[in-house]
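User: Hello! I am new to this structure and would like to know what stands behind the words used for it. Could you take me through it?

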Amino acid sequence: MHKIHYGWWIFLSTCVISLVGFGMVVDTIGLFFEPVSASFGITRAGVSLMVTFQNIACAITLLFAGKLMEKINIRLLLTICFTIIGLGFISLGFAHSIVQFYVVWTIIGIMQPFALTLSIPVLLGNWFQKYLGTVLGIALGLSAIGGSLFNPIVSSVITNFGWRSGWIVEGAITLIAILPFTLFVIRYKPTGQTKPFGYQEVTTTETSEADWQGLSFKQALKTPMFYLITFAMIALQWVAGLVQHVSPYIVSIHLPLTIGATVVSGIMLGAAAGKVSIGWFLDHFNNQVVIIMYAVFGIVGWLSLLIFRDTSLLVGSGFVLGLGQGIMLVSLPYFIRKQFGPKDYNNILSIISMFGNFATAIAVSVDGKIFDITGSYSLPITTNGVLYALGGAAVVISITLSHHYLKQKSAKKAVA
């Protein structure tokens with residue numbers, strides 16, 4: 001019987017981390033804004049400030065997370081991170097001050113780069129040379145499935161048992177689902193005779209690309225691709241900050257929270273389809289055309305939220321804008337690997353992601369503040385449409401410049 005390549009066990013582990021980790025840490029927090037705001041008698045901006053602290057802590061940690069991940073046992077690192085995240089959620093079920101939310105979410109922000117931001121693309125990048133876009137898309141696509149799965153569950157718990165029970169449920173699910181994989185399955189990279197999946201196929205058919213070890217961080221800084229990808233990360237992470245306000249936005253246009261949760265589920269389902277499909281398309285079709293198509297999804301989806309009031313049309317708009325999210329979570333890590341190579345991938349991905357997390361940290365707070373001042377989310381939603389256009393254009397230009405750069409490297413190598 002043919003032995004299953006261990007890379008597929010790593011793939012399964014990253015799928016669970018994505019499904020539950022993103023589902024709990026990123027995709028359901030917006031459900032708590034309104035009840036926590038009412039419970040403590042503070043503004044929505046005051047509640048969403050915990051996400052600002054989370055993303056600032058995440059961004060600062062990303063300064064050194066890429067390098068640190070190479071030096072610490074990955075099983076121990078991820079086990080500690082998810083244990084702290086799970087227990088942090090449970091502790092919020094007993095919180096009696098908004099300050100505790102700020103503290104816990106700051107700690108979660110410190111854990112997040114290792115647990116979510118870097119672990120999935122780094123592990124899959126280490127274990128797969130063939131089908132990297134596809135496995136990355138599937139694994140990260142499950143983050144959206146997690147959002148669509150857990151939003152109605154957590155919303156129901158909050159509605160029937162209160163927001164404190166919602167936090168306890170989130171913590172329990174995180175610990176039970178993820179720790180078995182971090183303890184017993186995860187391995188950082190192939191060792192000994194084990195090679196990444198597709199190693200032989202890649203080295204025989206794409207020798208020049210496979211032999212290219214890539215750029216150091218300092219070398220990457222000298223290329224225009226670095227700044228284009230960084231700008232795209234900032235723009236699209238700013239867009240992502242408003243996803244956490246979608247449920248409050250639906251409530252603000254006089255529809256119930258349950259519909260808000262359903263629209264968010266539509267976004268997550270669209271994101272799942274977008275991430276899975278964009279990964280496959282990137283492996284098989286012209287990359288510039290793929291990025292343009294998904295940028296259009298993002299633009300149309302966000303602007304449609306301003307127009308529609310019918311529940312089914314709002315959910316449909318959410319699905320379409322969700323499709324566009326594939327650019328940020330799948331294509332950017334994919335192009336960082338393709339354009340800068342494996343040599344310093346962890347560090348380059350970590351630094352670029354840092355800028356994105358600062359953008360999300362600012363956006364979540366700014367979007368909440370704009371609502372508090374104007375009573376409307378119209379300006380943030382319109383801004384998202386513009387940012388999708390600019391971010392998509394930056395990625396397309398970076399692809400073109402990268403092709404020229406690799407051709408120049410190949411020509412210099414041939415002359416030498």
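**Reading the model, term by term**

Analyst: Gladly. The largest nonpolar core has 125 residues, and those touching the most other members are Met50, Phe101, Trp105, Leu124, Trp167, Ile250 and Trp302. Please keep in mind that this is a predicted model.

User: What makes tryptophan 105 a contact partner of residues elsewhere in the sequence?

Analyst: Contact calls for heavy atoms within 4.5 Å. With neighbours within four places in sequence left aside, tryptophan 105 is in contact with Val25, Ile29, Met50, Gln54, Phe89, Leu92 and Trp167.

User: Why are H1 and H8 called roughly antiparallel?

Analyst: Helix H1 (residues 7-25) and helix H8 (residues 163-184) pack at about 165°, and their axes are 10 Å apart. Angles over 145 degrees count as roughly antiparallel, so H1 and H8 are given that description. The crossing of H1 past H8 is left-handed. On the H1 side the contact is formed by Leu12, Ser13, Val16, Ile17, Val20, Gly21 and Met24, and on the H8 side by Glu170, Ile173, Thr174, Ala177, Ile178 and Phe181. Sorted by class, that contact has nine nonpolar, three polar and one charged residues.

User: How do H7 and H8 pack, and which residues meet there?

Analyst: The angle between H7 and H8 is about 140°, with axes 7 Å apart, and their crossing is right-handed. From H7 come Phe150, Val154, Val157, Ile158 and Phe161, which meet Trp163, Ser165, Gly166, Val169, Glu170 and Ile173 of H8. Eight of the residues in this contact are nonpolar, two are polar and one is charged.

User: Is asparagine 151 buried or exposed, and how do you know?

Analyst: Asparagine 151 lies in helix H7. Its relative accessible area is 1%, and buried means under 20%, so asparagine 151 is buried. Beyond its neighbours within four places in sequence, asparagine 151 is in contact with Asp27, Thr28, Leu31, Gly146, Ala261, Val264, Ser265 and Met268. Leucine 321 is 170 residues from asparagine 151 along the chain, and their C-alpha atoms are separated by 17 Å.

User: What can you say about the axes of H12 and H18?

Analyst: Helix H12 (residues 224-241) and helix H18 (residues 345-374) have axes that come within 7 Å and cross at roughly 35°. Their contact divides into 14 nonpolar residues, seven polar and one charged. H12 passes H18 in a right-handed crossing.

User: What makes the phi of tyrosine 131 worth a mention?

Analyst: Phi of tyrosine 131 is near 65°, a positive value in a residue other than glycine. Tyrosine 131 lies in the loop between helix H6 (119-127) and helix H7 (132-161). At 37% relative accessibility, tyrosine 131 counts as partly exposed.

User: Where is histidine 254, and why does it get its accessibility label?

Analyst: Histidine 254 is in the loop between helix H13 (246-252) and helix H14 (257-284). Exposed means over 50%, and histidine 254 has 73% relative accessibility, so histidine 254 counts as exposed. Phi of histidine 254 is near 70°, again a positive value in a residue other than glycine.

Terms used:
Residues numbered from 1 in each chain as written. Predicted model: local features only at pLDDT ≥ 70, side-chain atom pairs only at ≥ 80, totals over all residues. Heavy atoms only, no water. Core = buried A, V, L, I, M, F, W, Y, C linked by side-chain atoms within 4.5 Å. Buried < 20%, exposed > 50% of the residue type's maximum accessible area, 1.4 Å probe, protein only. Axes fitted to C-alpha atoms, helices over the stretch in contact; angles between N-to-C directions. Helix = DSSP H or I, 4+ residues; strand = E, 2+ residues; numbered from the N terminus. Left-handed = near helix turned anticlockwise from the far one by under 90°. Nonpolar A, V, L, I, M, F, W, Y, C, P; charged D, E, K, R; others polar. Parallel < 35°, antiparallel > 145°, perpendicular 65-115°, else oblique.
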